[in-house]
Amino acid sequence: MVPDIGRGSRTHGLLVYLYGPGRREEHTDAHLVGSWDGFAPDPGRDSDPPAALARLTAALDLRVKQAGDRVPAKHVWHCSVRTAPGDRRLSDEEWSTVAQRIVRATGIAPDGDPDGCRWIAVRHAEDHIHIVATLVRGDLRNPRLNYDFNKAQAECRRIEQEMGLRRLNAGDGTAAKNPTSAEKFKAERTGRPAPSRETLREAVRQALAGADDETEFFTRLHEAGLRVKVRHAPSGDALGYNVALPGDRNRHGEPIWYPGSKLAPDLSLPKIRLRLADVPAERTRSAADSRPEWSPPARERRGATGIAERAALLLDRDDDEAAVQLVGVGELLDAVAQTSPAATRAEVAAAARAFERATRSHIRAERADTRALRSAARGVIRAGGALGRGEDGGTTAMLLSTLVLVTLAAARWHSARGHAQQAHAARQAADHLRTAYRQAASTPMRELHDQGRALPEAQRRRYKDTLDTHLPEPAVQADGRPTRTDALVATLAQAEQAGHDPDALLKQAINMRELDTADNVPDVLVWRLRRLAHLPAHPDQAFQGPQASTPLTKNSTTRTSERRTTTPTVPPGVADSRSKLPRR
């Protein structure tokens, strides 16, 4: 059950809308299900609806007129209450009970108070009602409505439990403001894909991802095509900012401005300055991860993968200090969403939008440091858009595979602290990233599977024995089907060819962090191994000689020296064959 509260100044105009056909003829059988005294005029059941509507307006506004100039400018309190999809249909009597409990809980009409505000509840659809109240009490004082939305939310949670309705996630007051009904209808009417508030929120977050300072942040806003208005103090210092979409104007032809703080709590200028204080650090890369034949997007994605893995480890520690990692992961997702190949861009953008809710809670880290993640986001942005093929496509799959695990770690972190909405948002982000991963990994994983099957049987058996030693239980996918390990076998072969001890490297990859949350353990290990061994993310990239970073045993060194004088174990040309990618 979802309450949505707003304020206005026109009682009659709101009643005309509630009893009218609606903007899309969606209102049917509008009628009262409750009122302050049980005897309010009901235009929906009266033989003369216009006259009844006038009487109802006069009754609601009686105390407003009596109070004169003491009336607040926005004296009309409007709360819609909607059941969740799949809930049973409530009767008029049940909706009346819901309305009475909401007005009592919020302070509109406290229980046993004869001077409570006048209110009505209108039903014009099966799944919701509208509560309208005028904010003048019988003693002509204004009601105390502090935290009315939070109180309505809490009462709805109790109603859900008592009436057997779907239990929705409780909020903690850190969520971004949802678009109003008027904003949603305007977006539909003008053909915009989303309400202006949501479009601006996403654009501001993307402009902030990896930005060095305020100047770069505001420059990015202008480059994104937004209208920007900065508020200055007499000293010339910036106090805040407003943004607007080009062409988005009110009835007077003026731009509709949104302050950053109204887009999301963490997008106010003071909060942005706190984040910008963590200046992205310049990263140093090994020669193995900076090969000249790899494009800048591929190199940055490979580096970002390692940083994301460290963020997941911090989230696994169940420490409140990990809260700041969530902000950095959000920035990295925003950066990847802007630069992803076309095939994965929509899903990654949806993941970034969903994870936005998981970046905020009331927990504050004392030693906030997001420099590594902000540096990764900055590098991804500056490297530009990645191609959907070759090493760009392979490193995109590598990074997305890791981000799935990071978002699941964030979900567990939030769940342990009772942050139901944030945990749900993180799981939603993981679902979108899984879809994006399957798209990005399709070609490289298919070619790796082909290469693994093309190895000589004796060599395949040796690597299979290595896998059985360290992964005693057969790897199983999320849908229960056994997972093929051909790609993992091919990766171990290529790692050994590059000078690594496959047994030690596999053990290192497994021990990096838990694998229980992975849908496809071999896929996760493939990308860990290829990053640790500095192997190309896409299997059709040629090797550039040994790049061992793991200490080799004496025997493995001898085997490697002998092997380098022979023909490579992975036959050339097998990357051109095709087979079906297993579900991740």
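**Ground rules.** The model is predicted, so I kept in mind that local features need pLDDT of at least 70 and side-chain atom pairs pLDDT 80 or more, while totals for chains, interfaces and linings use all residues. Residues are numbered from 1 along each chain as its sequence is written, and side-chain values use heavy atoms, with hydrogens and water left out.

**Overall.** I looked up the secondary structure and got 21 helices and 8 strands (DSSP runs: H or I of at least four residues for helices, E of at least two for strands, numbered from the N terminus). Of the 584 residues, 53% are buried (under 20% relative accessible area, 1.4 Å probe, protein chains only).

**Second largest pocket.** I went for its volume next: about 600 Å³. A pocket here is an open set of points on a 1 Å grid over the protein atoms alone, where a 1.4 Å probe fits, with protein on both sides within 12 Å along at least five of seven lines; lining residues have an atom within 4 Å of a point. I found 21 lining residues, with Asp266, Lys271, Val324, Val327 and Arg364 nearest the centre. Helix H12 (323-339) and helix H10 (269-276) each give at least two lining residues, and H12 has the largest share with 4.

**Asp501.** I placed Asp501 in the loop between helix H18 (486-497) and helix H19 (502-511). Asp501 is buried, at 8% relative accessible area. Its side chain reaches the backbone nitrogen of Asp503 at 3.1 Å.

Key:
Buried means under 20% relative accessible area, exposed over 50%, partly exposed in between (1.4 Å probe, protein chains only). Grid points are joined across faces, edges and corners, and a volume is the space filled by probe spheres set on the points. A polar contact is a pair of N or O atoms within 3.5 Å; within protein, one must be able to donate a hydrogen and the other to accept it, and residues adjacent in sequence count only if both atoms are side-chain atoms.
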